[in-house]
Amino acid sequence: LVRSVAVICLKTERILPMYLVHYLQTEYMQIKMKKEANAAAQPNLFQNQIKKLRIYAGAEHPHTAQLAK
């Protein structure tokens with residue numbers, strides 16, 4: 001693979017592909033990915049940074065407790 005491309009392999013018994021698509025488009029993840037991207041003329045999110053991103057489902061999400069209050 002070239003540096004500008006990453007492949008995400010899912011364990012489909014754990015997460016639905018369309019859930020991931022929508023989750024990555026959420027404001028929460030967009031902000032998180034922008035914070036992780038390097039500050040070059042064209043920001044990049046490298047594979048090691050992508051591997052560190054956590055995908056939360058339902059009650060696992062860190063903001064869920066705040067929303068329940």
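The model is predicted: local features need pLDDT of at least 70, side-chain atom pairs count only at pLDDT 80 or more, and totals for chains, interfaces and linings use all residues. Residues are numbered from 1 along each chain as its sequence is written, and side-chain values use heavy atoms, with hydrogens and water left out.

**Overall fold**

The chain has 4 helices and 0 strands. Its order along the sequence is α-α-α-α. Helices (H or I, at least four residues) and strands (E, at least two) are DSSP runs, numbered from the N terminus.

Of the 69 residues, 13% are buried. Buried means under 20% relative accessible area, exposed means over 50%, and partly exposed lies in between (1.4 Å probe, protein chains only). The chain exposes about 6000 Å². Carbon and sulfur atoms supply 58% of that area. Accessible areas come from the Shrake-Rupley method with a 1.4 Å probe; for residues, only the protein chains shown count as cover.

Contact means heavy atoms within 4.5 Å. Among contacts with a separation of 6 or more, 50% join residues 24 or more positions apart.

**The tyrosine pair in α1**

Helix α1 spans residues 17–24 and holds Y19. Y23 lies in α1 too, 4 residues from Y19, about one turn of the helix. The chain has 1 aromatic pair. Its ring centres, those of Y19 and Y23, are 5.7 Å apart with planes at 20 degrees, so the pair is stacked. The rule takes rings of Phe, Tyr and Trp (its six-membered ring) with centres within 6.5 Å; planes under 30 degrees apart are stacked, over 60 edge-to-face, and the rest tilted.

Y19 is partly exposed, because its relative accessible area is 32%. Y23 counts as buried, because its value is 7%.

Y19 also belongs to a nonpolar surface patch with L16 and I55. Together the three have about 270 Å² of accessible area. Patches are made of residues with over 30% relative accessible area and no salt bridge; like charges are joined within 9 Å, nonpolar side chains (Val, Leu, Ile, Met, Phe, Trp, Tyr) within 5 Å. A salt bridge is a side-chain nitrogen of Lys or Arg within 4 Å of a carboxyl oxygen of Asp or Glu.

**Three further residues**

| Residue | Relative accessible area | Class |
|---|---|---|
| Q30 | 31% | partly exposed |
| Q49 | 13% | buried |
| L53 | 12% | buried |

Q30 sits in helix α2 (residues 27–36). Beyond its neighbours within four places in sequence, Q30 is in contact with L24 and Q25. A polar atom of the Q30 side chain lies 2.7 Å from the backbone oxygen of L24.

Q49 is part of helix α3 (residues 47–52). Its contacts, leaving aside neighbours within four places in sequence, are E36, A37, N38 and N44. Q49 and N38 are 11 residues apart along the chain, and their C-alpha atoms are separated by 9.9 Å.

L53 is found in the loop between α3 and α4 (64–68). Not counting residues up to four places away in sequence, L53 touches M29, K32, M33, E36 and L45. L53 and M29 are 24 residues apart in sequence, with 8.8 Å from C-alpha to C-alpha. E36 is a contact of L53, and E36 is also among the contacts of Q49.

Notes
A polar contact is a pair of N or O atoms within 3.5 Å; within protein, one must be able to donate a hydrogen and the other to accept it, and residues adjacent in sequence count only if both atoms are side-chain atoms.
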